[in-house]
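My notes are below, in the order I looked things up.

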Amino acid sequence: MPMMEASKAVAAPRVEARLVYAHGLAAIVTLLISVSFGILASIELLAPDLAGNPPWLSWGRLRYDHTQGILFGWLGNAFFAFLYHAVPLLTGRPVVSARLGQWLFGLWNFAVVAPGWVLVLAGFSQPLEWAEFPMVIDAFVVLALVLAIIQFLPSFFWRGLEDLYVSSWYVIGALVFTLLAYPMGNFVPELVPGARGAAFSGLWIHDAVGLYVTPLALAIIYFVIPAATRRPIFSHFLSMLGFWLLFFLYPLNGTHHYVFSVIPMSAQIGAITASALLGVDVIIVVTNLLLSLRGSGVFPRDVGLRFAAMSTIFYLVVSIQGSVQAQMAVNQTVHFSDWVIGHSHLAMLGFSTFAAAGGLAHVWQRIPWARYNARALDWSYWLLFSGVILMVTDLTIAGLVEARLWQSAAPWLDSVRAARPYWFIRTGSAIPIAAGFIALLAGFTTGPRGAGLKSVERTIGLVPVGKIAPRLARVASGASS
Amino acid sequence: MNRDSRRLIRMSYLVASVAGVVFFAMSVALLGVWPGRVLEGETRAMSPPHPLGLTASERRGRAIYSREGCAYCHTQQIRYLHSDMVRFGAPTLAWETRFDYPHLWGPRRIGPDLAREGRTHSEDWHFAHLFAPRALAPDSVMPAYPSLFDGSPDRPRQEARDLVQYLESLGRARELAGPEGEAHARAACNCPTDEMAQMAFHATELNANPARARRQGSAPKLAAPGNRDRGMQLYLHDCAGCHGSRGEADGPGASGLHPRPANLAGHEYSVDRLGYVLWNGVSGTSMQGWRDLSAEDLASLAQFVRGLHAAQQEPALPQNLADLGARVYADNCAQCHGEHGAGDGSAVPELRIAPADFRGARPSVAESLRALRNGVEGTQMAPWTGRLNEAELSAVAYYVRGFFQGAQ
């Protein structure tokens, strides 16, 4: 394994493998629960009275728990697992405190995710997108984000900032700006009414994806690619250009969720312009990533890298789609339709989940005592891949059908009737997706202990890290010139 | 690395960190604070003085709407787009949202927009619909909320009442502001050249919802004949939930409605009357308008509904009873139902629900007697058994049938 190889030479930075493991398992468990909420909600659209309409199973509450579970439970835990592995390797320093890590783990899962779910089902929530957990939970999220900054960021500064690899930039940016952006969508709209509140809400709707999910997913991809391709990233300059454009443009996108609303047109047009430019930024980032991947094929042998590579492609597609659908001519038609639900699943289930799964597979391979089942992970990849393609294609077509009916004089209910076959297929797509996630769990909990390293040996080979990513290696080894 | 280059790098990181924070602050300023100030100014300028906020019950209802995620299927924001205006009405102005803590604009429209839902449907309709949406619209995918009721749509708990109060408040502030409010807002907008801003004031109707019942309104003449099979299909989708599959007012949605839905099998309707009612609904009742159906579909539906009435030969009335009926009618009924049975008596403006128009709808003798004996619950039609004797009741029950003008 490349990094360990290099770090053997000098004092290896201590990776809190137990925290990696705990967050990794929590990620998949909360993922399975979140996906169950989503599947139930999709079934309720097909057979609304099937469950007998108990309040705690009503569609709206399931919908709230589905996305909050994905955002906090699955992605949050997966990101933390990755950070516990990556931060010591990126900085050559351990994270601040294992005990703080236990607190953070407990806080995140037992003061945010679990009680958040229960409160939503019990009828305590906030009707704001990506902010559905009630405000009492928001307080714990903010606390956890502060603790995460205390836990992970000092290592970068202790080490000195001279040699920041691009993943480090993304980690620092994500942790700091998520904390800043979080109140915009969770607290401000409670204090500022109506259209004014919506303007702030829009900031967080986009920043949740743009400043929290995307940077951490990219941090994983930028980390996994050099570590698993045995080559440095194609261009550090492009990496940094992409990073800065992202942090410049992403926050300026928010208002594109409210095109043709009463929010001042200049703000809408600004956000739409930023959305188009964001597409350019993503092309830069993805070009750099794909050039770094050249020679590995579209489906690399190493499963962590394979997830990361497909995540990169999903990132390109979903971002270009986003740039296009923010444009007024497209937005006025597809907005509010299933097209957007397809888009958000391409972002969260395609891009982000594939990055998170790739990151988890990568770090799992490097926990010497962790069980690892390569065959299950292979299955997971292909099941998820086919599930995402099926679901997103289906919802995109459904959105176009709905949009066409809305533009016509047809009665509203016609659009519901027309959507039904597509909703049926969407629920069907849950079969490969759920199976893929169960396979992911099996990949990390079955198989022999230490099989991960063997799999790395087989697919990548053990090569000194210096040949793979000199910049990474220099940092990881603690060498200073 | 020498000391100078280190210092350079440290400096560039400092600059970069500051730049990052500035980027973020800029986004908050440009997309949050600044639009907020503009909207606040618009609100102050365009709002009518003292707009009506929410009552305590409506606020509780809003909390239920929030907790059930209603906004995730029903937006509350009419966009400045022709397609939105045609379906829902005037685009949402900033001041209309001034009491929305937090906003409920919503990300998705599985159901229709509700920004102007107030006074679109009757309270009864809302109760029946919340209790069992598919009783009214078999193809609806809306969740049912039986837990807001004590076992039937007739017995709403406080939560159901609050929720319906809230739904009825949607769009109210602007409606109450009236034409003066519109004129005031338009003057305050001062945007004669801003085409988009102008759209807010150019909707044909403030609430364009095709379901909203109208007390008065024109209706397109129905082309005859329609397609009976298509009519049946539409009837089973849209009507049978209340009127029953055979038109006997016994659909699953009927029980909570006051007045009960019309017994279509017990009346013979003129095409014009069906056209009028389908187009405008019956204001004050749960009968909504169906202005979203095409002219062909309305004609087909009307043809099917006319077929629900089992024509039967009813005996002609002896002349002496006919005279009695005319006398009883003139003394007791004409004030509301009109001298010629057109439902246009002098008392009509006082009535919440327009009285029956016998020229367009001929009740069977049984229906007619039932209404005279029991009254029509939920309307001003009271039981007449205390005032009229059996002979008079029968006479007038027959008599009103004579007004009908729609026989074919």
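These entries start with confidence and end with the backbone.

**Confidence**

I noted at the outset that this is a predicted model. For the complex, the predictor gives an ipTM of 0.90 and a pTM of 0.91. I then looked up chain B, where the mean pLDDT is 90 and 98% of the residues reach 70 or more. Which elements of chain B have the lowest and the highest mean pLDDT? The lowest belongs to helix α1 (residues 3-46) of chain B, at 84, and the highest to helix α6 (residues 158-169) of chain B, at 97. I keep one caution in mind: where pLDDT is low, the predicted coordinates should not be read in detail.

**Contact between the chains**

I looked up the contact and found 62 residues from chain B and 65 residues from chain A in it. On the side of chain B that touches chain A, α1 and α2 (56-67) of chain B each supply at least two residues. The largest share of that side comes from α1(B), with 17 residues. How do the residues of the side of chain B that touches chain A divide into nonpolar, polar and charged? I have 35 nonpolar, 14 polar and 13 charged. I also note that α1(B), which gives the largest share here, is the element with the lowest mean pLDDT in chain B.

**Domains of chain B**

Chain B is divided into domain 1 (56-199), domain 2 (228-308) and domain 3 (319-403). I looked up the separation of domain 1 of chain B and domain 3 of chain B, and their C-alpha centres lie 38 Å apart.

**Helix α12 of chain B**

I checked the length of helix α12 (residues 319-332) of chain B first. Its 14 residues should span 20 Å at 1.5 Å a residue, and the end C-alpha atoms are 20 Å apart, so the two agree. Which residues of α12(B) are buried? They are G325(B), V328(B) and Y329(B). These residues cover an arc of only 100° around the axis, and therefore sit on the same side of α12(B). The buried residues of α12(B) pack against α13 (334-337) and α15 (390-399) of chain B. On the other side of α12(B), I found Q319(B) and N320(B) exposed.

**Cis peptide bonds**

The bond from Y101(B) to P102(B) is cis, with omega near -15°. P102(B) lies in the loop between α3 (82-88) and α4 (123-131) of chain B. The bond from H258(B) to P259(B) is cis with omega near 0°. I placed P259(B) in the loop between α9 (228-243) and β1 (267-269) of chain B.

**Positive phi**

F336(A) is not a glycine, yet its phi is positive, about 75°. F336(A) lies in the loop between α12 (328-334) and α13 (338-365) of chain A. Is F336(A) buried or exposed? F336(A) counts as buried because it has 22 C-beta neighbours inside 10 Å, and the cut-off for buried is 20 or more.

R119(B), also a residue other than glycine, has a positive phi near 60°. I found R119(B) in the loop between α3 and α4 of chain B, the loop that holds P102(B). With 18 C-beta neighbours inside 10 Å, R119(B) counts as partly exposed.

Definitions and conventions: Residues are numbered from 1 along each chain as its sequence is written. Chains are lettered from A and ligands numbered from 1 in the order in which they are written. This is a predicted model: local features need pLDDT of at least 70, side-chain atom pairs count only at pLDDT 80 or more; totals for chains, interfaces and linings use all residues. Helices (H or I, at least four residues) and strands (E, at least two) are DSSP runs, numbered from the N terminus. A residue is buried if 20 or more other C-beta atoms lie within 10 Å of its own, exposed if 12 or fewer, and partly exposed in between; C-beta atoms are placed from the backbone. pLDDT is the predictor's confidence in each residue, from 0 to 100. Two residues are in contact if their C-beta atoms, placed from the backbone, lie within 7 Å. Ala, Val, Leu, Ile, Met, Phe, Trp, Tyr, Cys and Pro count as nonpolar, Asp, Glu, Lys and Arg as charged, and the others, Gly among them, as polar. The expected span of a helix is 1.5 Å times one less than its number of residues. The arc is that of the directions from the helix axis to the C-beta atoms. Domain bounds come from an automatic or database domain assignment.
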